[in-house]
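My entries follow in the order in which I checked things.

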Amino acid sequence: MPNLRKLLKKYYPIILLVLVVAVCIDLLSFSDVLTGPILEQRQQEEIMQKLEETFPDITDTVVVDDVYVVLDVNGILAYAVLATGMGYGGEIKTLVILEDQETVHSIFVVKQTETPGLGGRVQTPEFTDQFEGISIQDIRLKQDGGAVDGITGATISSTTVTEMVRKKALEQVEALPSEEDVQAALQQQQESE
């Protein structure tokens, strides 16, 4: 018994630390469960706001297989998808708006954790405006034969955004929803409201 007491006394700080860390991990997981839906809702609201700012004449927006379809009185106006990639400081999430199957209308960085003043500049108009109206095939940094100037000192962030935008745009062009899919989703959305 004296040896057990010595062992407990010796390892008590380690056992206590392990228990504290385990409780903290559980609390963080629980807070993520609580805040996850709220953050997702805010992101959806931000995306809808960006679409309304970009297309002031839209009549409706419907989501079909993770593609935001922007509609006006004449039908489909544009498509928007979220592209995600890992930058230097963490995840970068970008809204990619396609005007058609070959051309990017614009992009907006929805979330980023890059270094302020360096990689964080991927969300500035000086960088994002370069994507307006360019062919999906030209979405590469100029140093790689594309049409986009990278951000000095933020090569990883610049490369991440251009690569994920091009890759996601090319993937989605192959799977854009048909007019029938859009109408069915729109009808279902109206019925649920």
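This is a predicted model: local features need pLDDT of at least 70, side-chain atom pairs count only at pLDDT 80 or more; totals for chains, interfaces and linings use all residues.

**Entry 1: two aspartates in one loop**

I looked up D66 and found it in the loop between strand 1 and strand 2. Its relative accessibility is 65%, so D66 counts as exposed, the cut-off being over 50%. The phi angle of D66 is positive, about 65°, although D66 is not a glycine.

I then turned to D65, which lies in the loop between strand 1 and strand 2. D65 has a phi near 50°, again a positive value in a residue other than glycine, and with a relative accessible area of 69% D65 is exposed.

**Entry 2: the chain as a whole**

I counted four helices and five strands in the protein chain, and reading along the sequence I wrote down the pattern α-β-β-β-β-β-α-α-α. The radius of gyration is 23 Å, well over the 16 Å that the globule rule gives for 193 residues, so the protein chain is more spread out than a compact globule. Taken along the principal axes, the box filled by the C-alpha atoms is roughly 85 × 50 × 25 Å.

I looked up burial next, and 36% of the 193 residues count as buried. The protein chain exposes about 12,000 Å², of which carbon and sulfur atoms supply 54%. Among contacts between residues at least 6 apart in sequence, 48% join residues at least 24 apart. For the charges, I noted 14 positive and 31 negative ones, and their mean positions are 24 Å apart.

**Entry 3: the cores**

Which residues have the most contacts inside the largest nonpolar core? I found V62, V69, L98, F131, V161 and V165, in a core of 33 residues. At least two residues of this core come from each of strand 1 (60-64), strand 2 (67-72), strand 3 (75-86), strand 4 (91-98), strand 5 (104-111), helix 3 (155-174) and helix 4 (179-192). Helix 3 supplies the largest share, five residues.

A second, separate core has 11 residues, including F55, I58, V70 and A80. As background I wrote that in soluble globular proteins nonpolar side chains tend to be buried together.

Is D129 buried, partly exposed or exposed? At 41% relative accessibility D129 counts as partly exposed, because this value falls between the 20% and 50% cut-offs. D129 sits in the loop between helix 2 (125-128) and helix 3. I also checked D129 against F108, which is 21 residues away along the chain, and the C-alpha atoms of the two are separated by 9.1 Å.

I placed A184 in helix 4, where its relative accessibility of 43% makes it partly exposed.

Notes. Residues are numbered from 1 along each chain as its sequence is written. Side-chain values use heavy atoms; hydrogens and water are left out. The radius of gyration is taken over C-alpha atoms; the globule rule is 2.2 Å times the number of residues to the power 0.38. Buried means under 20% relative accessible area, exposed over 50%, partly exposed in between (1.4 Å probe, protein chains only). Contact means heavy atoms within 4.5 Å. Accessible areas come from the Shrake-Rupley method with a 1.4 Å probe; for residues, only the protein chains shown count as cover. Lys and Arg count as positive and Asp and Glu as negative; His and the chain ends are not counted. The place of a charge is taken as NZ of Lys, CZ of Arg, CG of Asp or CD of Glu. A nonpolar core is a set of buried Ala, Val, Leu, Ile, Met, Phe, Trp, Tyr and Cys residues joined through side-chain atoms within 4.5 Å.
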